[in-house]
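Here is a short report for a first look at this model. Take the sequence and the structure together as you read.

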Amino acid sequence: MKTALDFSEIDAGMLAEVGGKAANLGELTRAGLPVPPGWVLTTEAYRQVAAGLETTGEGLAERARRHLLQAPVPDAVHEAVVKHYAALGDDVPVAVRSSATAEDLPFASFAGQQETYLNVVGAEAVIGAVRRCWASLWTDRAVAYRESNGIDHAAVRLAVVVQVMVDAQVAGVMFTANPVTGRRCEIVVDAGPGLGEAVVSGAVNPDRFVVYGGEVLERHAGDKRLAIRSLPGGGTERVETAHDGLCLTDAQVLRLAELGARVEDHYGAPQDTEWAIDGDGTIWLTQARPITTLYPLPETTRPGLRVYFSVNVAQGVMGPLTPMGLSAFRLISAGGAGLAGFGPADPLDGAPFLAVSGQRVWFDITTAVRSRPGRAILPRMLLLGEARTGTVMERLFEDPRLAPAHTSLRPFLRAFARFARRIHLPSRILMALTRPERALALTVRVGEELDRRLRVPDSATPAQRLDHAERVLAGTFPTIISIMPVAIAGYGMFALASKLSGVPVNDMQDVLRSVPHNPTTEMDLELWDLATRIEPEPFRELPVAELVRRYQEGRLPPVAQRGIAAFLGKYGHRGVAEIDLGVPRWSEDPAHILGVLSNYLRIEEGGAELAPAALFAKGAEQSRAAIAHVVAQARRRARWRGAVVRFGLRRTRMFAGLRELPKFYAVKTLAAVRHSLLAVGEHLVGLGVLDSARDVFFLDLREARAALAGGDLRELVAERRAAYEQEQRRRHVPRVLLSDGTEPEALAAAAADGALVGTAASAGTVTGVARVVLDPVGAHLEPGEILVCPSTDPGWTPLFLTAGGLVMEMGGAMSHGAVVAREYGIPAVVGVPDATHRITTGQEIEVDGAAGTVTLS
């Protein structure tokens, strides 16, 4: 490897030799874009100087910096610096800039993590700046950034860019997509007088311009009170400025936007660029890198602006799904679409409204957004399950690009009639109202029929197992969804009772406390009951990993061993992120359940009054009192109203808990398919196609079937696993996304008194210590602590049993977390924007579940 290379010798494929910044500058130079001339001291020079540096152990950052600042520079490296610097001109001012091999990557920009030195003059000064750049690879912030992005310290090297300084009159940054809204092709320019460092570092409030379609849409003047300028002989100075007005003309902004579009076209993706305009008015590019914070767009061939709704957010699963999990979703969606007569030609392709982006599932809801029935139904549905999304929808209705295009009710009515007929909607609602015990028996029979369908003979071949998986995934959804009319009857009676009594729905939430027939709360109560019966000593004394090992070896005390086995026999198909069949179930990895039991058994004796059974009974009493109050209000209006309300709320109590049953059955289906696919995976391991049976979940169903003929898919699996793990680190997933990249949700707003505002989910007020939990596995919640989390699925609910309150970033009044919180009688506020960032563990907060506010102390 050469020690130094000119920009003209570099391309984007030379990351390991020249680092991300230099690779991009070389690529831009070779593309004919205006880049100031320069060269790079390659990673070979860093390797020589860093020889002998140990990249593990205590005090790594400080030790590495000291080594790089003190180690002698090899003669060959010194000569290369002097030679290439002289080639730029006599004592020409240069910028000396770090260029790490882990920098300006598609998934991590590393912006500002390493150092830049401006207006460096003289060869020896350049060598000094190079040394400091090498050392900046090991600043505390750079080390922390690498660790947060899963990048191995030992694998990182640093090259150093030496580039002719631009004597900038105006400079700044330019994004070729709006980094705040996500809108593609909307170019955002920040500009300030002098060198661009003032803008890049945030030392100045710059002017901001927004360009779209060749037109400057917005101009915002910053105060620009500071400028950084070059000093004669080297170095820079900060000078106070009084720059009124804008520092760029519209013509300059449009020239910049045109240049930005050329850069994006070259790379094929939105770019974050730095630029400068010299005294002659020439525009120079000094850097380009991918915008790593944009959420990827769903692929579509459908025309016009599309609206996508995140299924992951709605289900409380913020992480990605495995390829096999996505394949399962496609089949399930095909079965659902078939109910309304829109099934695809090949079920493996999924429903026409399903899209995948960022390894997550999205529904294309454009047709609903642009139709009269959709505009009437969508906000009401979302208000119950995802309140913040409902608000977003109402704002989208004002977008002229999404004006109603479907005004006739006939297509909707035909599809709804077909759907209602196939799930027996009218007859089953009638059954629920007139013969409730028979309706409950029906839900049990559906479960028994499901169990029969899910059985696969041990003698089944891998091909037969795949046939069965496809058949079950595509065909089971209609059966499972057919029990929803019974639950709908319960909630319909709830709404009718509100109307007849005049009591608002939000004031009737106590009616829904401790409802029966909810499989999730039944599961949680059984787990607590198990904790009261088992021997506490090993759970209080041993780490979870040791408890798991002893359980799997059959060495726990007998009551615990039998009790846990029985619990997992009934509920072992569940798990965290359970909608992805690629994720292990509790039956495979019981660490979460054993950890929860361990937490329960560490509760002091004084926590006994928090026993869930007692709280559940108390909730049932509160429910009876609430029903009596609503009935009394109805009777004041008319005697017959009181009778109807009493009848209706009895049906509500009987059927509301069934809301969780379809998902319970769906997850059981996914678990059975997963078990069968593991057998297919074992077969593929035997063929040499895969390394591990679980690798099968990084294929889709088509690929798994094709793999039965042999081949080697280990490299493909490794690539997909790496992409999956990278996607797991994504910090933000939009609720709603437009096909032009726009994320329409407004930034979170706080109430005037400083409270965070969300959706009221479970009445009551509690003040306590917050516990922010991002992953329930291994989490510990002290009795009375307030659980603050992004979202929940049933895998989280064992934590609810000791929680004093609940705050969630996602969800609505009928979302999973809200329903379970009401049943346990804990105050809850859901749909609180950025709650896990704005609240910290240990902070005292007040949760008002009736007002929908969280007050920070």
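Which residues are linked in a network of salt bridges? They are Arg-183, Glu-186, Asp-399, Arg-401 and Asp-740. The model is a predicted one.

## Salt bridges

The whole structure holds 41 salt bridges. One of them joins Glu-449 to Arg-453, with the closest N and O atoms 3.4 Å apart. Both residues sit in helix H16 (residues 436-454), four residues apart, or about one turn of the helix. Glu-449 is partly exposed, at 28% relative accessibility. Arg-453 is partly exposed too, at 35%.

Asp-451 pairs with Lys-668 at 3.5 Å, N to O. Lys-668 lies in helix H26 (residues 661-687) and Asp-451 in helix H16, so this bridge ties together parts 217 residues apart in sequence.

Arg-721 bridges to Asp-695, and their closest N and O atoms are 2.3 Å apart. Arg-721 belongs to helix H28 (residues 714-728), while Asp-695 is in the loop between H26 and helix H27 (701-707). Arg-721 is partly exposed at 28%. Asp-695 is buried at 8%.

## Helices H18 and H24

Helix H18 (residues 484-501) packs on helix H24 (residues 612-637) at an angle of about 45°. Their axes are 8 Å apart. The two helices are therefore oblique to each other.

From H18, Ala-497, Lys-499, Leu-500 and Ser-501 take part; from H24, Val-630, Gln-633, Ala-634 and Arg-637. By class, this contact has four nonpolar, two polar and two charged residues.

## Around helix H21

Helix H21 (residues 544-552) has Glu-546, Leu-547, Val-548 and Tyr-551 buried. These buried residues pack against helices H20 (537-541), H22 (558-571) and H23 (591-601). Gly-554 follows H21, and its phi is positive, near 75°.

Terms used. Residues numbered from 1 in each chain as written. Predicted model: local features only at pLDDT ≥ 70, side-chain atom pairs only at ≥ 80, totals over all residues. Heavy atoms only, no water. Axes fitted to C-alpha atoms, helices over the stretch in contact; angles between N-to-C directions. Parallel < 35°, antiparallel > 145°, perpendicular 65-115°, else oblique. Contact = heavy atoms within 4.5 Å. Nonpolar A, V, L, I, M, F, W, Y, C, P; charged D, E, K, R; others polar. Buried < 20%, exposed > 50% of the residue type's maximum accessible area, 1.4 Å probe, protein only. Salt bridge = Lys/Arg side-chain N within 4 Å of Asp/Glu carboxyl O.
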